[in-house]
Amino acid sequence: MPPVKSFGERIADALVEDGLLTSKQVEELLEQQKREGTRFIKLVTEKSYVSEQDLTVSMGRVLNVPPINLARITIAPEVADLLPREIAQNHKIVPVSRLENKLFIAMSDPLNVLAVDDVKRITKLEVSTMIASEKAITDKLNSLNAAKGGSMEDIINDAQKNGVDDSNTDIENVKEAQEEVSLDHLAASSEEAPVIKLANIIVMQAIKDRASDVHIEPFERTLRLRYRVDGVLMDATPPPKQLQLALISRFKIMSSLDIAERRLPQDGRMRVRVAGKDYDLRVSIMPTVHGEKIVLRVLDKSNLSASLDKLGLDPDTFTQFKHAVDAPHGLILVTGPTGSGKTTTLYSALNELNNPIFNIVTVEDPVEFQLPGINQVPVKKEIGLTFANALRSILRQDPDIIMIGEIRDQETAEIAIEAALTGHQVLSTMHCNDAAGAFARLDDMGIAPFLISSSVILSCAQRLMRRICSHCKEPVTYPAKMYQDLLMDPTAFDGVTFYRGRGCERCKNSGYAGRLAIIEAMTASDEIRKLVISRGSTRELSKVAVGQGMRTLRMVALDRARDGVSTLEQVLVMTSSH
């Protein structure tokens, strides 16, 4: 009699039958499962071998439970209210519909009989289970909770009903008004129900919309609320002006900042849990003429790639990047403007290198993501812990790999290059326009050209292009002027079908959903090193690198447009012609 297969093995067989996994991949995963004791399904998800939707369908077939696509259904409020919010979040259950005495629920783990029993006990109904991915369930619970929490208009009405003081509405001299407010009043008002609801809904909406940043900006008679989604700021319904001070105080309390200090900038951090998932938020508060402006940066660890091959690089760039990361020593630089994903790329490289045989240390301002197995040092200028001082101490800690959040000054650059020349691998970011610009930037900082040429092994430039929404994607024909603006010959695109997003509810009529990284990688060849020593211009360096096979940001972006992933408009906006 053949041995009874485990649930993981049955799922593996189903995935192979469905053509989603190869036998070799299954062998590797089962071996890793035995070695680490991790669930098979978790390993498949972590390695991104199979999409969550495909995995759900295969699991449903094995368990004889029908799959459901929660994104495409609307759940009636009276059905959602049948199960308490805490129970739904703890067990990852969504009530979908009710038919007489039977309740249909979506679960990520239909084998969880204790959860099913809890639902039966609470609802006093018969239960029929369906299967959905954990992400789909979390997203649906998130949207149901947001709807339950009320809209911005509801909170404004609630504030007015409860008699929130609106005497600040017509004050023109904000400084005088702030001085009149007592700390006791600020602390008390920040704990009022409308203010707490308002702060919560601002954060929840940011997470629901996949926003990277939230901007709350004070003006003379109004507040402005904006979310940065896929790199573009979009207006949202603003909070009432009379809640300005209480709202700012609420965010200060949540991020352990001083509510009494309203004249100096402050930086803090907070962690929130939405639908059972933890999110870190970096908080920056800056005084302006009409009060304090708040910027919240949402740090979602799920955006981190487990390794370099998950970054979506083209084969040539991946080969160069992988070769540099695997080098025993040298300086790797990733350049680009703020918000172009430089640090995320370096974290992906660190994940690739993360091994018990290496002592990996980072120095960052601030530490954006906390990575297990890596020693991360936050810069604290107010007590003298600068990049340079931290690096000096790190070099006495026997490091193998060092990541520097950003090279900003000559002192930091000198230590980084010294470390790279003495057997350490150093990764860092810089603010430059292109890969060649990093060499010129180090020269401007006062670093000797022969030291630059000896230490830098790879310089990259990175941008984030917007991705076409897959739900409203359609072919498009561009006018001749578009090719003129790109300085390209239209005949070079004969036979190529370009696409754009028409605009739909899912992408909020923008035509885009999500972003992808484009990277130009310049390997420091012998010819490049000679040009650096002779202080060749960035244009000369780029010309030589292209001759040696480097693909510029423009070339990589055009490839993404040809592949139908992005648009020519994005190529024009994100890249220069040379």
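1. A residue counts as buried when its relative accessible area is under 20%. Keep that cut-off in mind for helix 13. This is a predicted model.

2. Helix 13 covers residues 244-254. Nine of its eleven residues are buried, so the helix is largely enclosed by the rest of the structure. The buried stretch includes Leu245, Leu247, Ile248 and Phe251. Gln244, Ser249, Arg250 and Lys252 are buried too. Just after the helix, Ser256 has a positive phi of about 55 degrees.

3. Now the chain as a whole. It has 24 helices and 18 strands. Of its 578 residues, 49% are buried. The chain exposes about 28500 Å², and carbon and sulfur atoms supply 50% of that area.

4. Next, contacts along the sequence. Take the contacts between residues at least 6 apart in sequence: 65% of them join residues at least 24 apart.

5. Three strands form it in the order 1-2-3, with mixed pairing. Its edges are strand 1 (93-99) and strand 3 (126-131), each of which pairs on one side only. From one strand to the next, the twist averages 25 degrees.

6. How do strands of a sheet pair? They use backbone hydrogen bonds, running either parallel or antiparallel. Here, strand 2 (residues 102-107) and strand 3 pair in the parallel sense, over six bridges. Ile105 has Thr129 of strand 3 as its bridge partner.

7. A helix packs on this sheet: helix 7, residues 113-123. Helix 7 touches strand 1, strand 2 and strand 3. The direction of helix 7 makes about 145 degrees with that of strand 2.

Methods. Residues are numbered from 1 along each chain as its sequence is written. This is a predicted model: local features need pLDDT of at least 70, side-chain atom pairs count only at pLDDT 80 or more; totals for chains, interfaces and linings use all residues. Side-chain values use heavy atoms; hydrogens and water are left out. Helices (H or I, at least four residues) and strands (E, at least two) are DSSP runs, numbered from the N terminus. Buried means under 20% relative accessible area, exposed over 50%, partly exposed in between (1.4 Å probe, protein chains only). Contact means heavy atoms within 4.5 Å. Accessible areas come from the Shrake-Rupley method with a 1.4 Å probe; for residues, only the protein chains shown count as cover. Two strands pair if DSSP finds at least two bridges between them. Axes are lines fitted to C-alpha atoms, for helices over the stretch in contact, and angles run from 0 to 180 degrees between N-to-C directions.
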